[in-house]
Amino acid sequence: MIHLILGGRRSGKTRFAEQLAHNSAKQVHYVATAQVFDTEMGQRAKAHQAERPTTWYTHETPFELAKVLAQFRDDNHCLLVDCLTMWVTNMLCADYTPEQIAAERKALIDAIQASRATIIFVSNETGLGIVPEGALTRRYCDEAGILHQEIAALADHAALIVAGLPLTLKNAAATGT
């Protein structure tokens with residue numbers, strides 16, 4: 001089962017994803033992609049960690065996301081990846097070329113397709129605003145949009161979270177697709 005949970009900042013998407021992970025009744029692996037560069041971000045990370053059940057494993061994974069998914073690909077595992085847009089940001093800030101990002105995206109898609117685990121992806125929907133002024137910001141939005149489309153195509157379930165409320169975008173179980 002693949003879930004894609006999209007939403008804006010502080011929309012409740014992580015809380016929704018965590019509830020899905022909890023309900024899976026599987027061994028949960030929380031895959032955190034954020035990097036801590038300042039005190040405020042460190043405090044946020046610690047607060048998020050403190051809220052998680054102690055039985056969940058945490059994997060700090062700012063790069064090479066596919067490798068973590070490949071490690072826990074049997075159906076006894078649930079991987080909660082939070083978040084895809086931070087992963088894209090990490091690659092852009094590390095000066096990955098478009099070809100390198102495409103290769104990482106392909107590796108991720110391949111890992112998803114090879115997995116029997118439940119995978120829950122959390123990501124920020126960045127494509128709802130105005131066209132960004134700077135080239136890097138436009139590239140970020142483009143890369144995130146491409147990634148979202150590819151994962152949504154594979155997903156069994158996709159939701160947009162607004163004000164803590166889920167709007168179902170895709171539910172393959174209900175439609176048989």
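**Entry 1: strand β1**

I started with the pairing of β1, which runs parallel to β5 over 6 bridges. I'm working from a predicted model here.

Next I asked myself how many residues of β1 are buried. The count came out at 6 of 6, so I wrote the strand down as mostly covered, with under 20% relative accessible area as the cut-off for buried. Side chains in a regular strand alternate between the two faces of the sheet. In β1 I found Ile2, Leu4 and Leu6 pointing one way and His3, Ile5 and Gly7 the other, all of them buried.

**Entry 2: helix α1**

I went on to α1, residues 13–23, and listed Lys13, Thr14, Ala17, Glu18 and Ala21 as buried. Looking down the axis, I get these buried residues within an arc of 130 degrees, so they line one face of the helix. On the other side of α1 I have Arg15, His22 and Asn23, which are exposed.

What do the buried residues of α1 pack against? I found β1, β2 (27–32), β4 (77–82), β5 (118–124) and β6 (157–162).

**Entry 3: helix α5**

I checked the length of α5 (residues 98–114) first. Its 17 residues should span 24 Å at 1.5 Å a residue, and the end C-alpha atoms are 24 Å apart, which agrees.

For burial in α5 I noted Ile101, Glu104, Arg105, Leu108, Ile109, Ala111 and Ile112. They cover an arc of only 160 degrees around the axis, so I put them on the same side of α5. Residues three or four places apart in an α-helix point the same way, because there are 3.6 residues a turn. Glu99, Lys106 and Gln113 are exposed on the other side of α5. I traced the contacts of the buried residues of α5 to β1, α3 (65–71), α4 (84–93), β5 and α6 (135–154).

**Entry 4: Glu40**

Last, I looked up Glu40, which sits in helix α2 (residues 39–51). Buried, exposed or partly exposed? I have Glu40 as partly exposed, because its relative accessibility is 40%. Its side chain makes a polar contact of 2.3 Å with that of Arg44. I also compared Glu40 with Thr85: they are 45 residues apart in sequence and 19 Å apart in space, C-alpha to C-alpha.

Notes:
Residues numbered from 1 in each chain as written. Predicted model: local features only at pLDDT ≥ 70, side-chain atom pairs only at ≥ 80, totals over all residues. Heavy atoms only, no water. Buried < 20%, exposed > 50% of the residue type's maximum accessible area, 1.4 Å probe, protein only. Helix = DSSP H or I, 4+ residues; strand = E, 2+ residues; numbered from the N terminus. Arc of directions from axis to C-beta. Contact = heavy atoms within 4.5 Å. Expected span 1.5 Å × (residues − 1). Polar contact = N/O pair within 3.5 Å; in protein donor to acceptor, adjacent residues only side chain to side chain. Pairing = 2+ DSSP bridges.
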